[in-house]
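Look at the sequence and the structure first.

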Amino acid sequence: MMTYKEILFFIGKSLTINHENHNRVLVEEELKSNKIDWDAVVKVSTSHYVFPALYCNLKKADFLHYLPDDLVEYMKRITDLNRERNQQIIEQAKEINDLLLENHITPIFLKGTGNLLEDLYDDITERMVGDIDFLVSEENLYKANKTLLNAGYYTTSKKNKGHRHLPRLIKRNRIGAVEIHKEIIKKKYSNHFNFNSVYHSIKNKKGARFLSNKDKLKLVVLSYQINDFGYYYKNINLKQGYDIFLISIKNKELISQEFTLYKYFNSYMGLCSIVFNTKQIRYKKNKHVNSYIKIGLNRIGKKNRFLKFIKNWQSRTNLLYKSFYNQESRNLLFSKIFNLIWIKNKLGFKPNL
């Protein structure tokens, strides 16, 4: 029986086999051993949102004959469904881009949608995409929102999730929810990485704008390390890791150690490099990153309930404090309280507030 850690490393290596020959050899040896726990591989790759990417890489390497036939059929079906979804995401994003440009607003597409539009992947189905995220200048933030509202988009929430983007917008007969970002990482750190710091190096392809490869790497790493508390949990997400791997192939330039948020960036790059068993993901070795990697590898497969409790407690305490002087925080707090009351009433008992 394979451990969670062994499965994670197997998937990580498998996602690189068409770029790293040494991993291709290692993965094929494991496949020939017939000791792969495929049920566990499906579970882990699905939870990390890399199931289609795993299929695409095994197929391109001509390794599918090592897999059970019913698994190959299942993987193909899921991958085809994701391709269809991503085609709709791309069409919707292009429609949004044209609409905003017509209104003199320049959106910078982020994350999965940006990568799809820029053709980062060999096959668009490799990436599982949730929302359509894009960044605009502060002066165009509400203008962009109003433009989409006038075009038939609407929101079911008035809260400003995380204060990084406006409430999510949806539209009938469109598959993707839209998030208009005013910031790309938490406000506490946004002075070091924001619209002004990335705008001078954005790229343009067929009328759509994207971050430079260097800034893409920063965004993928920092959104996980800071926004999702990855730095504190010291765990890894293969979806972000796979994006980092593909972007790193194109970006040969090391991020400067003078970058204020360098410790968050460098430590995660180091952990990803180990899990994916690749030197394409470049990082600077030092005591801090060595310690981070050691702890991260030790925590793989373990539940960090205590750390999660601490971070949730800090987040909620911070929200309560901000609500005394900030209207947006106050609205978010009230929304959480009212949602709690509604849920508890639905469950049939009175909330103890």
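## Cavities and helices

The largest cavity holds about 70 Å³ of space. A cavity here is a set of points, on a 1 Å grid over the protein atoms alone, where a 1.4 Å probe fits but cannot get out. Its volume is the space filled by probe spheres set on the points. This is a predicted model, in which local features need pLDDT of at least 70, side-chain atom pairs count only at pLDDT 80 or more, and totals for chains, interfaces and linings use all residues. Residues are numbered from 1 along each chain as its sequence is written, and side-chain values use heavy atoms, without hydrogens and water.

In total, the structure has three cavities of 30 Å³ or more. Two of them are listed below.

| Cavity | Volume | Lining by class |
|---|---|---|
| Largest | about 70 Å³ | six nonpolar, two polar, two charged |

Ala, Val, Leu, Ile, Met, Phe, Trp, Tyr, Cys and Pro count as nonpolar, Asp, Glu, Lys and Arg as charged, and the others, Gly among them, as polar. Lining residues have an atom within 4 Å of a point.

Among the residues lining the largest cavity are Phe109, Lys111, Asn115, Phe210 and Lys216. Helix H6 (111-117) and helix H9 (213-227) each give two or more residues to this lining. Helices are DSSP runs (H or I, at least four residues), numbered from the N terminus. The second largest cavity is lined by residues including Ser248, Glu253, Met269 and Arg282.

Ser248 also belongs to helix H11, where it is one of the residues that meet H12; Met269 is among those on the H12 side. Contact means heavy atoms within 4.5 Å. The contact of H11 with H12 has six nonpolar, three polar and no charged residues.

Note on methods
1 Å grid on protein atoms, 1.4 Å probe; cavity = no way out; pocket = protein on both sides within 12 Å on 5 of 7 lines; lining within 4 Å.
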